Amino acid sequence: MDEKKKNMLSLIQPTNTPHLGNYLGAMRNWVKLQNDYNCFFGIADLHSITVRQDPVKLRAQIKESYALLIAAGLDPEKSTLFIQGHNQNHAELSWILSCYTQFGELSRMTQFKDKSEKHPDNINAGLFTYPVLMAADILLYQADLVPVGLDQKQHLELARNVCQRFNGIYGDVFTMPEPYITKTTEKVMSLQEPTKKMSKSDENLNASVWVLDDRDTIIRKFKRAVTDSETEICAREGKDGIINLMSIYSAASGKSFEDIESEFKGKGYGEFKLAVGEAVADMLAPMQNEFKRVSADKSYLEQCMKNGAEKAFKTSRKTLSKVYKKVGFVTF
Ligand code: TYM
């Protein structure tokens with residue numbers, strides 16, 4: 001670790017292949033920032049079992065998500081790329097922090113309320129304490145910055161509150177983390193219901209674009225994207241579908257909203273949707289090619305996982321040992 005650099009951490013759940021929202025809202029920023037920070041990026045397998053998973057599928061998805069981190073451009077030599085469940089420090093700190101987190105503040109988490117509604121038959125304690133584990137993920141690595149999408153902002157606020165409370169009692173044990181959220185892609189919306197965020201659990205197959213979708217599928221999904229009954233391509237209030245497509249096109253092409261408005265002045269939605277689909281397919285192609293190469297090399301991936309787990313353990317154990325001493329546990 002470079003002592004002069006600040007630390008950054010973010011994780012992704014392996015509950016499905018990442019979608020365009022995960023990529024634009026989070027993963028792409030990880031790649032952009034990896035040279036400027038000591039980075040810890042990982043797969044949140046522990047979080048994923050708060051919703052029932054098929055073990056065979058989950059195992060495959062953890063490996064796929066891990067390979068995608070590398071395929072997206074994260075360098076395992078520069079960044080620590082790890083699987084959360086390979087480092088027991090996460091579960092240990094999570095328990096301790098749960099004793100410094102109030103029932104009331106967890107009850108206010110909107111994701112808990114949403115997921116409880118979606119899975120009324122399985123409102124388990126892990127779903128409730130999910131943000132505590134997330135706080136542990138962040139605080140273990142003394143992360144200064146946490147690049148996430150807008151949906152994680154409330155969880156990050158909770159991590160900040162827990163950090164402040166703990167430090168208030170025991171002195172400066174944890175670094176106060178800041179969210180890093182990119183405005184235009186902070187919330188990529190569903191292509192079918194543009195007032196709802198693009199989500200891994202959406203049952204409508206045309207709602208989400210998966211980062212491993214082939215070119216034809218990507219273009220077809222954009223062609224079917226729900227817009228409005230007008231004809232103008234502009235970011236006016238009420239045009240949620242068009243604004244979402246403009247944000248995606250802007251992120252994929254680097255063009256500003258003004259450029260996009262003038263490029264498509266007088267042109268129809270069909271032409272615009274095709275351009276967005278093509279730009280997204282072009283943007284994802286290098287990662288998809290790299291994924292084929294990386295995922296075929298099983299021994300390389302396994303070695304990266306092992307190295308990542310060791311590095312993650314070493315760094316986070318320092319924090320955990322400090323916490324053990326501070327709270328009054330007997331240590332050797
Ligand atoms: P997850 O797996 O749901 O999503 C991974 C990242 O993608 C972002 N994201 C989006 N961004 C823009 N538009 C969307 N539609 C969209 N959907 C998802 C998420 O904000 C996230 O950054 N709890 C986290 C995983 C986690 C974590 C952590 C993150 C566990 N521990 C510690 C940061 C720090 C989650 O479920 O992300």
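Biologist: Is Glu-263 buried, partly exposed or exposed?

Modeller: Glu-263 counts as partly exposed, at 27% relative accessibility. Buried means under 20% relative accessible area, exposed means over 50%, and partly exposed lies in between, with a 1.4 Å probe and protein chains only. This is a predicted model, in which local features need pLDDT of at least 70, side-chain atom pairs count only at pLDDT 80 or more, and totals for chains, interfaces and linings use all residues. Residues are numbered from 1 along each chain as its sequence is written, and side-chain values use heavy atoms, with hydrogens and water left out.

Biologist: Which side chain does Glu-263 meet in a salt bridge?

Modeller: The partner of Glu-263 is Lys-255, at 3.0 Å from N to O. A salt bridge is a side-chain nitrogen of Lys or Arg within 4 Å of a carboxyl oxygen of Asp or Glu. Lys-255 is also partly exposed, with a relative accessible area of 27%.

Biologist: How many salt bridges are there by this rule?

Modeller: The count comes to 16 salt bridges. One of them joins the side chains of Asp-151 and Lys-197, at 2.9 Å from N to O. Asp-151 lies in the loop between β4 (145-147) and α8, and Lys-197 in the loop between β5 and α9 (215-223), so the pair ties together parts that are 46 residues apart in sequence. Helices (H or I, at least four residues) and strands (E, at least two) are DSSP runs, numbered from the N terminus.

Biologist: And how exposed are Asp-151 and Lys-197?

Modeller: Asp-151 is partly exposed, with a relative accessible area of 36%. Lys-197 is partly exposed, with a value of 32%.

Biologist: What about Arg-293 and Glu-290, where do they sit?

Modeller: They are three residues apart in helix α12 (residues 269-296), separated by about one helical turn. Arg-293 counts as exposed at 55% relative accessibility, while Glu-290 is partly exposed at 27%. Elsewhere, salt bridges that share partners join Asp-228, Glu-230, Glu-232, Arg-236 and Lys-239 into one network.

Biologist: New topic: where does Val-173 lie?

Modeller: Val-173 is in the loop between α8 (153-170) and β5 (178-180). At 2% relative accessibility, Val-173 counts as buried.

Biologist: Which residues does Val-173 touch?

Modeller: Not counting residues up to four places away in sequence, Val-173 touches Gln-142, Phe-166, Asn-167, Lys-322, Val-323 and Lys-326. Contact means heavy atoms within 4.5 Å. Val-173 and Cys-163 are 10 residues apart in sequence, and their C-alpha atoms are 8.4 Å apart in space.

Biologist: Gln-142 is on that list. What is its phi?

Modeller: Phi of Gln-142 is near 50°, a positive value in a residue other than glycine. Most residues other than glycine have a negative phi. Gln-142 lies in the loop between α7 (125-140) and β4, and is buried with a relative accessible area of 18%.

Biologist: Which helix holds Ile-218, and what does Ile-218 contact?

Modeller: Ile-218 is in helix α9 and is buried, with a relative accessible area of 1%. Leaving aside neighbours within four places in sequence, its contacts are Val-209, Asp-213, Gly-277, Val-280, Ala-281, Leu-284 and Gln-288. The C-alpha atoms of Ile-218 and Val-276 are separated by 9.5 Å, and these two are 58 residues apart along the chain.

Biologist: Now the whole protein: how many helices and strands?

Modeller: The protein has 13 helices and five strands. Its radius of gyration is 21 Å, close to the 20 Å that the globule rule gives for 332 residues, so the protein is as compact as a globular protein of that length. That radius is taken over C-alpha atoms, and the rule is 2.2 Å times the number of residues to the power 0.38.

Biologist: What share of the residues is buried?

Modeller: Buried residues make up 52% of the 332. Among contacts between residues at least 6 apart in sequence, 75% join residues at least 24 apart.
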